[in-house]
Amino acid sequence: MDKDFIALPLQHKMYHQKSICMFLRSYIWLLLLGIASITTTVKAQPYVSPIGAQVFIEPGQSDEEINTWFKLLSEHQMNCCRIRMFENYMKRPDGTWDFSLFDKAFKAAERYNVKIVGTLFPAAPDNSLGGFKHPYSQSHLQEIATYIKQVVTHFKTSPALYGWVLMNEPGTGGWVPNDAFANIQKSEWLKTLQPTAYNSKGYPQIVDFTPQQFLLHYNTWYLQWIANEVKKYDPNAYLHVNSHQIFSNIAEYNFPAWRNFLNSLGASAHPSWHYTMFHRNQYATALGANCAIIRSGAGELPFWVTELQGGNNTYSGYKAFCPTKEEITQWLWTSIGNGAEHILFWCLNPRTVGDEAGEWALVDFQNQPTDRLIAASEVAKTLRKINISKFKPVVANIHILYTRETLWVEKKAQLNDNTNNDYEGRNTGGAMKSAFAMYETLLENGINSQFQCFDEFNWNKPSYKGETIILSGQISLPSRYWEPLRNFVRNGGKLIMEGLSAFYDENMFALHHTGFPLQDVLGGALKEVKCLPTDFSVNYQNAPLPTHLWKGSIYNTQGQIVAQEGNSVLAMRHRFVRGETFWFPSLLGLGALRSGKGEALSHLLLAEAQPTVPFQFETYQKGVQMYTMQKGNQYLTILINKRPQATSVALRCPKGVNPSVVFADKGGSTTANTARLSSEETLVILWK
């Protein structure tokens with residue numbers, strides 16, 4: 001202690017001590033204010049709406065127009081957008097760069113507090129809609145690297161920047177690049193392959209799926225390369241990519257590998273381009289299945305609907321149409337009900353030149369909001385009001401699994417004409433449509449299910465009691481999945497298998513007359529399959545069960561027969577260690593889908609899977625679907641009525657919860673256990 005302080009008179013000591021205390025008190029108070037200020041700053045982070053839209057930027061647009069579009073987004077509570085960063089609109093012929101056009105967009109976004117996700121779009125021939133999917137040469141790769149450096153370096157400090165879409169819509173539709181650069185990459189990839197012990201029992205392997213396997217690798221390699229390039233200049237960049245044409249391109253996507261370099265995974269969902277195998281009144285359900293596939297692919301990452309059709313098709317789209325405001329509402333709530341973090345429409349404003357010019361927009365040609373934009377805004381307002389980010393989707397422990405090899409085999413097996421509707425089950429898309437039928441049937445019971453690649457399922461759990469796997473139309477079951485599937489049933493899981501699932505291995509080797517590897521699990525093997533073009537019914541539990549194309553019979557070794565026709569065993573169940581299998585080798589999913597009569601399949605699935613969810617319909621409701629979300633002890637149920645008439649639906653609910661309507665676009669209502677909806681209505685109910 002200071003000796004001068006010791007020598008002071010008592011009153012001076014007391015005054016000095018008081019001064020020190022006052023100083024310390026003031027210092028602590030200021031420190032707390034600083035902490036509170038920091039805390040307040042964190043809490044005051046601007047709200048980013050789950051809903052937004054693509055703002056299409058191109059030369060010729062005025063400053064006023066660009067400003068108007070961002071103002072519209074802000075006014076409609078859609079302060080998240082996507083911009084395609086065209087190299088062709090930035091790089092001058094002399095090799096210098098001019099970012100002024102896009103600077104205007106970023107400044108407008110900052111002005112109206114709109115966050116931008118920039119899609120990297122290196123120079124492409126005629127600025128095509130989708131862009132190229134792979135580099136053409138080593139020099140082209142270097143040009144792409146230069147573009148990424150220029151764009152990321154210039155825009156990374158903008159307060160408006162949310163993140164980057166690595167490329168637009170990877171996926172070639174199965175086409176495998178055969179240029180010199182791709183072949184070099186293929187040669188390097190082939191060197192990394194390890195020989196497999198399995199060889200289809202030594203039979204000749206006359207079908208080669210190496211090109212498809214390479215494409216799976218090549219897509220991942222290129223995305224990883226782009227991600228690495230972005231990170232060179234912005235190590236903390238938020239990275240995203242959007243898949244497309246999910247029901248066919250899914251065989252090209254290795255989502256678990258993509259998780260290593262992405263912050264979120266997305267999907268383009270344009271019914272006129274992507275859902276052509278479905279009828280228009282199934283588009284909302286197809287979107288639900290699309291979301292389920294991407295949610296599974298994302299794993300622990302968030303998922304987005306990165307592009308959602310927002311407007312009219314004039315000459316674009318395979319099945320051109322203009323969405324109604326009711327469909328816009330349905331699609332938004334379907335995405336939200338599946339857990340989508342963001343949904344971005346394509347587009348807010350129409351493109352002016354080239355393919356899709358004057359199409360797809362949420363605004364009219366005078367930049368006024370259409371009824372579709374107003375409908376989207378109403379949903380956005382509700383989402384903010386109920387704090388939707390806290391709610392998570394409730395999904396049953398029912399896993400509809402698919403294999404990439406099924407799509408490869410299906411495509412390989414096609415003849416010149418695969419358009420005959422009597423043979424839909426064996427046409428391109430038949431396998432995924434069969435699996436989709438299972439998803440739809442469960443959803444029409446108010447039950448949301450998992451839709452997953454085999455690689456995305458957790459095969460390492462000690463027990464699978466209460467979990468169900470459905471294999472519907474999955475004609476190729478690779479050998480690497482046999483033991484995991486056996487282990488799943490052994491440890492308490494339920495396997496439901498229908499159609500010609502597990503007919504081939506990964507080499508298109510027929511399994512059932514060469515010693516079926518899962519005979520112990522299923523209790524038998526296929527005896528015969530008969531092709532009966534178009535649709536028919538089989539008898540199950542004294543009622544007709546709609547079926548399509550193939551009627552399979554089983555060589556029963558130890559199973560319990562549950563359906564029989566004369567001496568032919570049509571279906572059976574089998575207890576295997578702690579689990580059980582149910583096998584019906586006829587196309588039940590497509591039978592229900594094509595006939596429009598899903599009640600018999602619904603009864604079968606509920607009896608076999610016995611799902612446990614907090615909310616579901618009391619009875620099967622064709623044309624009505626429901627998603628459930630949960631936040632603590634609160635629930636949201638999202639109901640959509642696709643019937644041509646109003647309907648009342650009885651609900652099975654937890655005890656002690658009370659309903660209140662938080663959204664109804666046509667005056668829908670609810671009581672304690674009944675929901676009433678008009679035709680095409682979306683009704684959202686909060687339960688607490």
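This is a predicted model: local features need pLDDT of at least 70, side-chain atom pairs count only at pLDDT 80 or more; totals for chains, interfaces and linings use all residues.

Next, the covered side. The buried residues of H5 are His 140, Leu 141, Ile 144, Ala 145, Tyr 147, Ile 148, Val 151, Val 152 and Phe 155. Around the axis they cover an arc of only 165 degrees, which means they sit on the same side of H5.

What do the buried residues of H5 pack against? Three strands are among the partners: S2 (80-86), S3 (115-121) and S4 (161-165). Helices H4 (100-111), H6 and H7 also take part.

Lys 201 is located between helix H6 (180-192) and helix H7 (210-233). Lys 201 is not a glycine, yet its phi is positive, at about 60 degrees.

Now the aromatic rings. One cluster is made of Phe 181, Trp 189, Phe 214, Tyr 218, Trp 221, Tyr 222 and Trp 225. The model has 47 aromatic pairs in total. Trp 273 and Tyr 318 make an edge-to-face pair, with 4.8 Å from centre to centre and 90 degrees between the planes. This pair links distant parts of the chain, 45 residues apart. Trp 273 belongs to helix H10 (residues 271-274), while Tyr 318 is in the loop between strand S7 (303-309) and helix H12 (325-337). Tyr 318 is exposed, with a relative accessible area of 59%.

On to the nonpolar cores. In soluble globular proteins, nonpolar side chains tend to be buried together. Here the largest nonpolar core holds 161 residues. Phe 70, Trp 164 and Phe 584 touch the most other members. Helix H11 (residues 283-298) gives the most to this core, 10 residues. Leaving aside residues up to four places away in sequence, Phe 70 touches Val 55, Cys 81, Ile 83, Ala 105, Ala 108, Ala 109, Tyr 112, Val 114 and Ile 116. A second, separate core has 29 residues, including Phe 488, Leu 495, Ile 554 and Trp 583.

Strand S15 comes next. S15 spans residues 543-556 and is mostly covered, with 10 of its 14 residues buried. Strand S14 (residues 524-540) runs antiparallel to S15, and 14 bridges join them. Val 529 has Gly 552 in S15 as its bridge partner. S14 and S15 form a hairpin with 2 residues between them. In the turn, Gln 541 has a positive phi of about 55 degrees. S15 also pairs with strand S19 (residues 586-587), antiparallel, over 2 bridges. There, Lys 551 has Ser 586 in S19 as its bridge partner.

Backbone geometry is also worth a look in another loop. Cys 347 is in the loop between strand S8 (342-346) and helix H13 (371-385). A cis peptide bond joins Trp 346 to Cys 347, with omega about 0 degrees. Trp 360 lies in the loop between S8 and H13. Trp 360 is not a glycine, but its phi is positive, at about 75 degrees. Is Trp 360 buried or exposed? With a relative accessible area of 1%, Trp 360 is buried.

Finally, two residues with their contacts. Thr 682 is in strand S27 (residues 682-687). Thr 682 is buried, with a relative accessible area of 0%. Not counting residues up to four places away in sequence, Thr 682 touches Thr 329, Gln 330, Trp 333, Ile 638, Leu 639, Ile 640, Phe 663, Ala 664 and Asp 665.

Pro 614 is in the loop between helix H19 (599-609) and strand S20 (616-617). Its relative accessibility is 23%, so Pro 614 counts as partly exposed. With residues up to four places away in sequence left out, Pro 614 touches Val 394, Thr 628, Tyr 635, Arg 652, Cys 653 and Pro 654. Pro 614 and Gln 245 are 369 residues apart in sequence, and their C-alpha atoms are 33 Å apart in space.

How values were computed. Residues are numbered from 1 along each chain as its sequence is written. Side-chain values use heavy atoms; hydrogens and water are left out. Helices (H or I, at least four residues) and strands (E, at least two) are DSSP runs, numbered from the N terminus. Buried means under 20% relative accessible area, exposed over 50%, partly exposed in between (1.4 Å probe, protein chains only). The arc is that of the directions from the helix axis to the C-beta atoms. Contact means heavy atoms within 4.5 Å. A nonpolar core is a set of buried Ala, Val, Leu, Ile, Met, Phe, Trp, Tyr and Cys residues joined through side-chain atoms within 4.5 Å. Two strands pair if DSSP finds at least two bridges between them. Rings of Phe, Tyr and Trp (its six-membered ring) pair if their centres lie within 6.5 Å; planes under 30 degrees apart count as stacked, over 60 as edge-to-face and the rest as tilted.
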